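Hi,

Here is the structure I promised to send over. Have a look at it first, and then read on for my notes.

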Amino acid sequence: MIKLNVNNVGGEVVKDNDVYRLIDNTTLNNLVLSQTILHVGKNTNGHLHKGQEEVYFFVQGTGIMIVGDEKFRVDAGSVVLIPDGAFHRVINDGEMNLIFNCVFDGKRNH
């Protein structure tokens with residue numbers, strides 16, 4: 001067993017730029033735990049994954065999430081289930097970094 005904190009998932013920095021910092025914990029064999037720190041006023045480009053589902057757990061901040069044709073508010077405590085192949089995008093329209101953790105199966109393909 002490995003115990004982590006929602007504010008520090010451990011792992012390796014995959015990307016770090018003016019839009020976001022992305023950290024992947026690949027300790028498990030079949031799941032990846034990823035943390036995104038989306039900076040104020042920024043948004044992800046949006047993408048989809050064929051053959052891959054995801055779960056987003058929002059830890060800090062407020063924003064907008066787009067999944068397929070749906071658009072809705074998210075904040076700390078929100079959990080979003082992203083079906084296989086669904087387009088998804090996150091927008092930080094709040095006044096602090098929007099932090100969310102993501103669990104997905106397999107390896108990163110985006």
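Let me start with the charged pairs: going through the whole structure turns up 3 salt bridges. Keep in mind that this is a predicted model, so everything below is computed from its atoms.

One of the salt bridges is between the side chains of Asp16 and Arg21, with 2.9 Å from N to O. Neither end is hidden away: Asp16 is partly exposed at 49% relative accessible area, and Arg21 also falls in the partly exposed class, at 30%.

Another is formed by Asp18 and Lys42, whose closest N and O atoms are 3.8 Å apart. This one links distant parts of the chain, with Asp18 in the loop between β1 and β2 (20–25) and Lys42 in the loop between β3 and β4 (54–60), 24 residues apart. How exposed is Asp18? Its relative accessible area is 55%, and the cut-off for exposed is over 50%, so Asp18 counts as exposed. Lys42, at 28%, is partly exposed.

Then there is Asp93 with Arg73, where the side chains meet at 2.7 Å, N to O.

Strand β6 is part of an open sheet of 3 strands, ordered β6-β5-β8, with antiparallel pairing. Its edges are β6 (70–75) and β8 (88–91), each of which pairs on one side only. From one strand to the next, the twist averages 25°. Within this sheet, β5 (residues 62–67) pairs with β8 in the antiparallel sense over 4 bridges. If you want a place to look, find Val67, which stands opposite His88 in β8.

The other sheet to look at has 6 strands, again open and antiparallel, in the order β1-β2-β3-β9-β4-β7. Here the edge strands are β1 (12–16) and β7 (79–82), and each pairs on one side only. The twist in this sheet averages 20° from one strand to the next. Strand β3 (residues 31–38) runs antiparallel to β9, and 8 bridges join the two.

Is Asn101 buried or exposed? The cut-off for buried is under 20% relative accessible area, and Asn101 comes out at 5%, so Asn101 is buried. What does its side chain meet there? The side chain of Asn101 makes a polar contact of 3.0 Å with that of Gln35. Apart from neighbours within four places in sequence, the residues in contact with Asn101 include Val6, Val9, Leu33, Val55, Tyr56, Phe57 and Val59. Ser34 and Gln35 are also among the contacts of Asn101.

If you only have a minute, I would go to two places. One is Asn101, buried at 5% relative accessibility and joined to Gln35 by that polar contact. The other is the Asp93 and Arg73 salt bridge, at 2.7 Å.

Cheers

Key. Residues are numbered from 1 along each chain as its sequence is written. This is a predicted model: local features need pLDDT of at least 70, side-chain atom pairs count only at pLDDT 80 or more; totals for chains, interfaces and linings use all residues. Side-chain values use heavy atoms; hydrogens and water are left out. Two strands pair if DSSP finds at least two bridges between them. Axes are lines fitted to C-alpha atoms, for helices over the stretch in contact, and angles run from 0 to 180 degrees between N-to-C directions. Buried means under 20% relative accessible area, exposed over 50%, partly exposed in between (1.4 Å probe, protein chains only). A polar contact is a pair of N or O atoms within 3.5 Å; within protein, one must be able to donate a hydrogen and the other to accept it, and residues adjacent in sequence count only if both atoms are side-chain atoms. Contact means heavy atoms within 4.5 Å. A salt bridge is a side-chain nitrogen of Lys or Arg within 4 Å of a carboxyl oxygen of Asp or Glu.
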